[in-house]
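Please take a look at the structure first, then follow the notes below.

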Amino acid sequence: MEIELKIGLATEADRTLLIKKFGPPKQNISQRNLFLDGENGELRAEKYVLRVRREREFPAAGPVVERVILALKGQNIGKGVLCKREEIENPLGLSLDELERSPARLLLMASPPISALKERLPALATLKSLGSFDNDRAVIPVALTIEGESVAMTWEVDRTVFPGGRVECELEIELGDEHGAEAIAKAVEDILAEAGVKTVAQPRGKFSRFLSCLK
């Protein structure tokens, strides 16, 4: 189960200020996210998301690391800034370019996300590309004092370029469980406000916003 907080940032300048105040980043990651569906929208009809992500990681020290990861995600059942959903991930031995040319070949693989997808949608016969978007992520370790306890967390500060050139920024924080999520969210929003970083409500996930850009 993926459990994370998602806090929208008002502008790119607020993202820049956040990184300046709480950085420097431990690593910077460039992501391209490709989304797939059945020919007749079978995955979207059942609230599933199938994503192939190519990541190029630029650590503070050492060589660039590249990987391709396949993920099957379920419907978000969280509320407010808390996102909670099933997620099955697995590394892929194919390049993103290969999958963009022939997305249906994924159905021939025995990776955990595809096995789960076939189990839930046994009539699914093929896959097609819905398109992609790019995301730049700065990864920053942060420790906050929350209700008298020091809490170590990792902030993922995103700048996303959607189809058509729309740019949005947000902060994501993965949690081990839901315990204390509201207190953590409030502490984060308070410390951002103190630093002059403006936040905005962001009730929709990146995939939903990506789809709205295709209309």
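## Salt bridges, cores and backbone

Arg137 forms a salt bridge with Glu172, their closest N and O atoms lying 3.1 Å apart; a salt bridge here is a side-chain nitrogen of Lys or Arg within 4 Å of a carboxyl oxygen of Asp or Glu. The pair links distant parts of the chain, with Arg137 in strand β7 and Glu172 in strand β9, 35 residues apart. Please keep in mind that this is a predicted model, where local features need pLDDT of at least 70, side-chain atom pairs count only at pLDDT 80 or more, and totals for chains, interfaces and linings use all residues. Residues are numbered from 1 along each chain as its sequence is written, and side-chain values use heavy atoms, leaving out hydrogens and water.

**Charged pairs**

- Arg137 counts as buried at 7% relative accessibility, and Glu172 counts as buried at 5% (buried means under 20% relative accessible area, exposed over 50%, partly exposed in between, with a 1.4 Å probe and protein chains only).
- The structure holds 26 salt bridges.
- Arg44 and Asp37 meet through their side chains in a salt bridge of 2.6 Å, N to O; Arg44 is partly exposed at 35%, while Asp37 is buried at 0%.
- Lys186 and Asp190 form a salt bridge with closest N and O atoms 2.8 Å apart, and they are separated by about one helical turn because they sit 4 residues apart in helix α5.
- Salt bridges that share partners join a network whose members include Glu4, Lys6, Arg137, Glu172 and Arg209.

**Nonpolar cores**

- The largest nonpolar core has 28 residues, of which Leu18, Met153, Trp155, Val157, Leu171 and Val188 touch the most other members (a core is a set of buried Ala, Val, Leu, Ile, Met, Phe, Trp, Tyr and Cys residues joined through side-chain atoms within 4.5 Å).
- Its largest share, 6 residues, comes from α5 (helices, H or I of at least four residues, and strands, E of at least two, are DSSP runs numbered from the N terminus).
- Apart from this core lies another, of 22 residues, among them Leu43, Leu70, Leu99 and Leu117.

**Backbone details**

- The peptide bond from Gly23 to Pro24 is cis, with omega near 10°, and Pro24 lies in the loop between α1 and β2.
- Lys47 is not a glycine, yet has a positive phi of about 65°; Lys47 is found in the loop between α2 and β3.
- Glu147, also a residue other than glycine, has a positive phi near 50° and lies in the loop between β7 and β8.
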